[in-house]
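Please look over the two chains shown here before reading the notes.

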Amino acid sequence: MSALIHRRLTRNELNALIDSAPTTPVSLSDDHRRSLSARFRAVPASDHRRLDAWTVERAARAQRSFRWSPTTARRVLGSGALRRIASSPALSIGEAVSDEITDQLLRAASGYARGGSLSYWLANASVPELGLITAEALNWATQVTEIAEGIENDWRIAPSDAYYDVATARTTLRGRRDLVVAFDEHRVVIRVRAGSPGKSAGPGLRSDLTIETLAHPGGLAPARFIGVWPEAGVALSVDATMADLRSGARDLVRTAVAQQRIRALMAA
Amino acid sequence: MATLTDSSPRFVVDALRGERQTRPPADTTSAPGLRSVLEDGIFEVLGAEKPDSPLVIRSSSLRQLTQSTDISLSPHGRVRGILVNQVLRLLSVGTSVLSPFDDALQAWRLECGAGELLEYVDQLASDERARLETDVTAHSITLIRSLGPVPSRWLPRSAVRATQQLCGGAVQLRDVIDLMVGTTANDVASVALFDVTTSPLGEGSERTMRYHALVQTLRTSIVPLRTSTFSTATGEMWSLDVDAELLIRSAEEVLAAIANQWSKP
């Protein structure tokens, strides 16, 4: 397994991490996918399972049920704003965030928003609440832009997060990604995180790496997966070796097992 | 260079970043030296011992070195500070604030959901609540009149958090900058840090300004252009250009705060 590389989050260090990524990426075959599917099927699931790096880092410990808040909405709105800027470069970040929120509100007004969706939640927010949500989204978008502008290679905002449905195992894996630096033969994926990295940041990064690889149509792994924590000024990265992908997959399966045990205990 | 004004400028924002032509090149070399100064100093204080839990330093830890009692740390003072800060966040994104107390309270409720201080507000008797409302409104109006529009091309970010671990996590520096403008992805220093306080400005405010600059330097490895603080109690604004001397002074103050915390049983 490759070592977890720990660096300060500076422009030079980030570029060095990107440039020194291995140039011969590994890939997952259909046999690997079938094997993973069999392992997930062996873990009983009472309902549909959703796993991501955060559940791995928390070792499936119970979390509060999801609710929208300025903090949970900022990444969705901020990333949406950055994708807008990519297609209309004349937009400022502030305008893009504002357009993104307006679009969400229009979706709710036209009746396309389901109860519990972001649009629905925004439509019920007051003016000061919308102001705070805008401020948080603006913080996120500016933070990602600052990181991206320091990258010397061509980069793009990730079009969406990576999703992979494990065949016949009632399991969906979600990998978060924010920036993609694409080279001719390989790619480096960057994920921006809030707070400071904990002791389980490595397993979390490897899970994101594995999900990113599974979600790729050809099973091609990114050469390096970099997690950046701007609040702490830290960058961690893992390389995509077969051992790292296996470790990421193992952690996801273990999390499914732990999640099942916790649910069984709670039901008892 | 330090800029000291005894009255609030026409607009605070105008004074925040100054002239574009006079900005110095971005200093990307000071941060490692500062980190070494801090880590060596911490080793002198802690020695080979490691605290059971990390020693946490905040800007308030530095203020407490000079003040034994601080009215702004009372529940009333803390709530007032939080609400005026929410007003700043709303203003920074161009939201018009018509009723400062209600608007700020709504925003704060959405942000934190529940908490000890929110309970304090909810349990206030009507006269105490009215007093708080009047107080928050008065401070907010000073801010609204003085701040001026924040251009979105300045990339305003509000309530920017930072955490820095030193000596393998034995010490944590934590900070929240009320408003930050400018970008680190620039060849010239352009980041201005702005702090709003509901207390009159004093020695503690200067320490806070320096602390913001220090933590921001350690976090991004780029020295910010300027650190400023604005008092909604007096309408005064202090602004300091960040240089090596200021950062070293702040590092010394942080070391004194660590020694102070470590010496307490």
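1. In chain B, buried residues account for 53% of the 265 residues. The model is a predicted one, and the values in these notes are computed from it. Chain B holds nine helices and seven strands.

2. The overall dimensions of chain B can be set against a simple expectation. A compact globule of 265 residues would have a radius of gyration near 18 Å, and the 19 Å of chain B agrees with that. Its C-alpha trace spans about 55 × 50 × 30 Å along the principal axes of chain B. Of the contacts in chain B with a separation of 6 or more, 73% come from residues 24 or more positions apart.

3. The surface and charges of chain B come next. Chain B carries 25 positive and 32 negative side chains, with the centres of the two sets 4 Å apart.

4. B:Val181 belongs to strand β4 (residues 171–181) of chain B. Is B:Val181 buried or exposed? B:Val181 has a relative accessible area of 0%, so it counts as buried. Leaving aside residues up to four places away in sequence, B:Val181 touches B:Leu16, B:Arg17, B:Val150, B:Trp154, B:Leu155, B:Pro156, B:Arg157, B:Ser190, B:Val191 and B:Ala192. One of these, B:Pro156, is 25 residues from B:Val181 in sequence, while the two C-alpha atoms are 4.6 Å apart in space.

5. B:Val160 sits in strand β3 (residues 157–166) of chain B. With a relative accessible area of 13%, B:Val160 is buried, because the cut-off for buried is under 20%. Apart from residues up to four places away in sequence, B:Val160 touches B:Asp175, B:Val176, B:Ile177, B:Met180 and B:Arg219. B:Ser61 is 99 residues from B:Val160 in sequence, and the C-alpha to C-alpha separation of the two is 18 Å.

6. Chain A has nine helices and nine strands. Its radius of gyration is 19 Å, close to the 18 Å that the globule rule gives for 268 residues, so chain A is as compact as a globular protein of that length. The C-alpha trace of chain A spans about 50 × 50 × 30 Å along its principal axes.

7. Of the 268 residues in chain A, 54% are buried. For contacts in chain A between residues at least 6 apart in sequence, 74% join residues at least 24 apart. The accessible surface of chain A is about 12,300 Å², and 52% of it belongs to carbon and sulfur atoms. Chain A has 35 positive and 28 negative charges, whose mean positions are 10 Å apart.

8. How many salt bridges are there over all chains? The count is 26. One of the pairs is A:Asp161 with A:Arg75, where the closest N and O atoms are 2.8 Å apart. This pair links distant parts of the chain: A:Asp161 is in the loop between β3 (155–157) and β4 (162–166) of chain A, and A:Arg75 is in helix α4 (residues 70–87) of chain A, 86 residues apart. Both A:Asp161 and A:Arg75 are buried.

9. A:Glu212 and A:Arg187 also form a salt bridge, with 3.1 Å between the closest N and O atoms. A:Glu212 lies in helix α8 (residues 201–215) of chain A and A:Arg187 in strand β7 (residues 187–192) of chain A, so the pair ties together parts 25 residues apart in sequence. A:Glu212 is buried at a relative accessible area of 4%, and A:Arg187 counts as buried at 11% relative accessibility.

10. A further salt bridge joins the side chains of A:Arg206 and A:Asp244, at 2.6 Å from N to O. A:Arg206 lies in helix α8 of chain A and A:Asp244 in helix α9 (residues 242–267) of chain A, so parts 38 residues apart in sequence are tied together by the pair. A:Arg206 is buried, with a relative accessible area of 8%; A:Asp244 is buried, with a relative accessible area of 0%.

11. Which residues are linked in a network of salt bridges? A:Arg74, A:Glu136, B:Arg89 and B:Glu111 are linked in this way.

Conventions: Residues are numbered from 1 along each chain as its sequence is written. Chains are lettered from A and ligands numbered from 1 in the order in which they are written. This is a predicted model: local features need pLDDT of at least 70, side-chain atom pairs count only at pLDDT 80 or more; totals for chains, interfaces and linings use all residues. Side-chain values use heavy atoms; hydrogens and water are left out. A salt bridge is a side-chain nitrogen of Lys or Arg within 4 Å of a carboxyl oxygen of Asp or Glu. Helices (H or I, at least four residues) and strands (E, at least two) are DSSP runs, numbered from the N terminus. Buried means under 20% relative accessible area, exposed over 50%, partly exposed in between (1.4 Å probe, protein chains only). The radius of gyration is taken over C-alpha atoms; the globule rule is 2.2 Å times the number of residues to the power 0.38. Contact means heavy atoms within 4.5 Å. Accessible areas come from the Shrake-Rupley method with a 1.4 Å probe; for residues, only the protein chains shown count as cover. Lys and Arg count as positive and Asp and Glu as negative; His and the chain ends are not counted. The place of a charge is taken as NZ of Lys, CZ of Arg, CG of Asp or CD of Glu.
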